[in-house]
Amino acid sequence: MAQFLRCHRLLKKFCTAPLSSRLSSSNAAPSAVPYKSLKKDDVSSPVAVPKEADVVIIGGGIIGCSTLYHLTKLGCTNVVLLEKDQLTAGTTWHTAGLIWRLRPNDTDIQILNHTRHLLSEVLEKETGVHPGWINNGGLFIANSKERLNEYKRLMTIGKAFGIESHLLSPEETKKLYPLMNVSDLYGTLYSPGDGTVDPAGFCTSLVRGATKAGAQVIEKCAVTGIDVSKNDFGTKKISGVQTSAGTIKTDCIVNCTGVWAPYIGQMAGVKVPLIAMKHSYIVTDKIDGIQNMPNARDHDLSVYLRLQGDALSVGGYEPNPIFWEKVEKNFAFGLFELDWEVFGLHLEKSMHRLPALEKTGVKSTVCGPESFTADHKPLLGEDPSLRGFFHGCGFNSLGMNAGGGCGRELARWVVRGRPELDMYGYDIRRFSEKLTDNKKWIKERSHESYVKNYSIVYPHDEPLASRNMRTDAFHEELLNSGCVYQERLGFERPGWFSPEGSAPVKDYDYYGSYGIPENKDYTYVERLNEDYTFQFPKHHEIIGRECMGCRKQAAIFNMSYFGKFFLSGPDSQRAADWIFTNNVQKAPGSTVYTCMLNKFGKVEADLTASLLTPEDSSIFGSEVEKGFYIAAGGAAAQQNWTHINNVIQDEKFNVSITDVTEGFGLLSIQGPKSRELLQSLTDADLNDESFPFSTNKIINIAGAKVLAIRLSFVGEMGWELHIPYDKCVQVFKALMDKGQQYGAINAGYRSIDSLSLEKGYRHWHADLRLDDTPLEAGLGFTCKLKSQTPFLGRSALEEQKKTGLRKRLACFTIDEHIPLWGLEVIYRDGIIVGFLRRAEYGFAIGKSIGYGYVSRPDGDVVSLDYLKSGTYELESMGIRYPAVYHAKSPFDPYNLRVKGDYSGPLPLDK
Ligand SMILES: Cc1cc2nc3c(=O)[nH]c(=O)nc-3n(C[C@H](O)[C@H](O)[C@H](O)COP(=O)(O)OP(=O)(O)OC[C@H]3O[C@@H](n4cnc5c(N)ncnc54)[C@H](O)[C@@H]3O)c2cc1C
């Protein structure tokens, strides 16, 4: 009764409409899930466990069950799932079970689509167990024009994956969902294929499929310890799992223990960066007329309405979620009491959208634990510090939706060594090991991601939580010059430079929740708000000026966040030959742009490797006979580092690799005036003969010894200066002072993104990813296939060369003056053949440009002739625009500018 009274008070507080008598007839709302659970009273503890297993999965929630199932599908059947209580006992049993698929990310869509495929097409046929799938459709509700634009984007990208969806007007929405208040709607997106799942059915069917194939599930068997050993080479690896019923010898575990995952991590000395929160929904009494309605998500109001028979489950994402600070180890089939003060906001919003709720009582409440992460994406994949320890946790209230697809990718990861989809956004390696045990970072970022879960996903949004974790030597100087920073891997990197002055990032204010005063007069937030559009942002022209400053004079880019590694030792040449696709058997002083592949020929990274003379290598500590200095994109530095180290371990190369990232700043000076500017500050000869493209040497500049590398990420003549940390500011000041004479300006990553795409350079994890090969990406020139030197991934590329490419990266421009953002769909002769991976506005050519992979509807080989012969259109937010295919980059196709040949005019000046 007390609960009801609290609820009643809240409803009164939040509702303007009077509460009806029906509501007051609602009795106290018990904590109870709205379906049957798998809880049984007669499950006893096992007396023994198998002596050994190929894989041990820890945790019997949806992720453990799905991974088990998919492992058996790959023929891995000597596998055991251990559950400390009974299947589903953690978070899974009380899920709301909504299944959606349209998200602004193609990997997410494929992951979610696989879950639905299992539920609707596979599991019942295969196992005879109904997986609890109900296909009642899903409705996204737009309360603003920009939200509707986002839905249009989702509708468009959905087409590339065969996901049916329709934009509905408010009137059409009312027809579909008569109980809905549509008075303030801009429209809705209806996806008839979506639905809901009952967790007990889903897990039972997966486990039935897996055990039929030979897998074992052992309930009432808690994991109490993890055995870790070292091989002869000193590599740490999993060697066993201790349980309440004995030890299992294994070299592979998958940690699928949800909010308990950090405990398993602790047993093995592995950091698991997630945090537990209390997440809730309520189940209403019967609502007349609600039967057969689709589930609805009102993102702007941050609530969902899930059909539950003749009632609804109502939940959402509040600004002040409650953290479960001390996760109880023995919690099973448990729920917390709902805090109505926190949940009340959702009542107000849901009653606004569905006025019938005002007269409806609350049948039960469900408040349970769920794990959340710094970017609202799960933690998957092998840990960088411990071989054989796979993460499968941190599902951010998306585990039912993502469980099927993530289980499949995890199984591939375990069995084949790598997943098939581009899972970088889910991979534990996307976070720096320097942050993953930082409790403040985990809590702040997880809070912000939770609160923003339903926010519009704008391409240039940035977090406010836990900023300034890693700053470089130039940070203050650039901040004072108006730098608007972006955050990548914990590092602050320059985004763009505002003429309106400095925009520092403040300490996180939890958006004013928990009694923390909200940051006021927050210029950085104002700058971000200007980016919250799918049109050209307010500062589009400013970024244009940076780009054209680079194309016409010189721009100084601070790229210090780059990962910087030094590889040396007796096997360094052998290791570099094997790890890098490009020929690195070169004289000291050479710099090589190269890819790194896995055994499937897929691109794990692209980077530059500089061969140093013994004297020059002393800048990194000591003179070595052969040293490779590696500079890799900062956002993926952990990924690069882990890949290189894993290969070194696998191949037992006798080398040492040192991370020198923090010890060096990196300034890149690019543009026609870059040489004159630099030459005015150094006595080293920078002419083409002495310092050609793709070479490096130590030079003195402004009193500092720096490693200069002649390279470009933007398609201009330019040099990177790798500067010892304590000399950074003096070099920067000298460059800026002298730079005035040459029209040099500061420029940021927004410009690099635009300039690089205009020139046709690839960005890893955008137009070049883990699901692409260099041949498909047009980077065959980085692969030493004509040499006899073996390298990792070579045989896969040779095979692909023989059988032909089934997709190819292609460049398109449109004449229409609209921005492209990526995820636009590519039509060739009226048929969908792909979607844009990356898109930018090219200021020198004055057009929007997009790159995407084209494949043939019949799955056949994509030849260059096939690409050239089509008539193309790009669909952006539901509208098709004629597009031009470019066989070569539309900007400087013959690479004259990087070589210092500025004889030709810029395209728009012609
Ligand atoms: C209120 C609420 C609503 C939600 N709604 C949705 C939704 O609509 N759609 C959606 O997709 N997702 C939703 N979710 C999220 C989804 O339910 C979870 O993401 C998912 O259930 C997590 O599954 P899991 O397997 O990672 O974890 P769990 O289900 O928690 O499984 C972990 C298991 O590990 C076991 N374990 C722990 N320690 C040990 C040990 N030492 N030894 C052996 N076993 C151990 C536990 O007992 C537990 O059974 C919701 C979550 C909540 C809380």
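Tutor: Leaving aside residues up to four places away in sequence, Leu68 touches Ile57, Val79, Leu81, Val207, Ala210 and Ala215; touching means that the C-beta atoms, placed from the backbone, lie within 7 Å. This is a predicted model, in which local features need pLDDT of at least 70 and side-chain atom pairs count only at pLDDT 80 or more, whereas totals for chains, interfaces and linings use all residues. Residues are numbered from 1 along each chain as its sequence is written.

Leu68 is one of the members of the largest nonpolar core that touch the most other members; Val55, Val56 and Ile253 are the others named, and the core has 259 residues. Its largest share, seven residues, comes from helix H10. Such a core is a set of buried Ala, Val, Leu, Ile, Met, Phe, Trp, Tyr and Cys residues joined through C-beta atoms within 7 Å. A residue is buried if 20 or more other C-beta atoms lie within 10 Å of its own, exposed if 12 or fewer, and partly exposed in between. In soluble globular proteins, nonpolar side chains tend to be buried together.

The ligand is surrounded by 40 residues, the closest being Gly59, Gly61, Gly90, Gly258 and Gly399. H10 also belongs to this shell: with helix H3 (62–73), strand S14 (275–284) and strand S19 (362–372), H10 gives two or more residues to it. The shell has 19 nonpolar, 17 polar and four charged residues; Asp, Glu, Lys and Arg count as charged, Ala, Val, Leu, Ile, Met, Phe, Trp, Tyr, Cys and Pro as nonpolar, and the others, Gly among them, as polar.

Helices (H or I, at least four residues) and strands (E, at least two) are DSSP runs, numbered from the N terminus. The buried residues of H4 include Ile109, Leu112, His114, Arg116 and Leu118. After H4 comes Gly128, with a positive phi near 80 degrees.

Technical notes
Near = placed C-beta within 6 Å. Contact = placed C-beta atoms within 7 Å.
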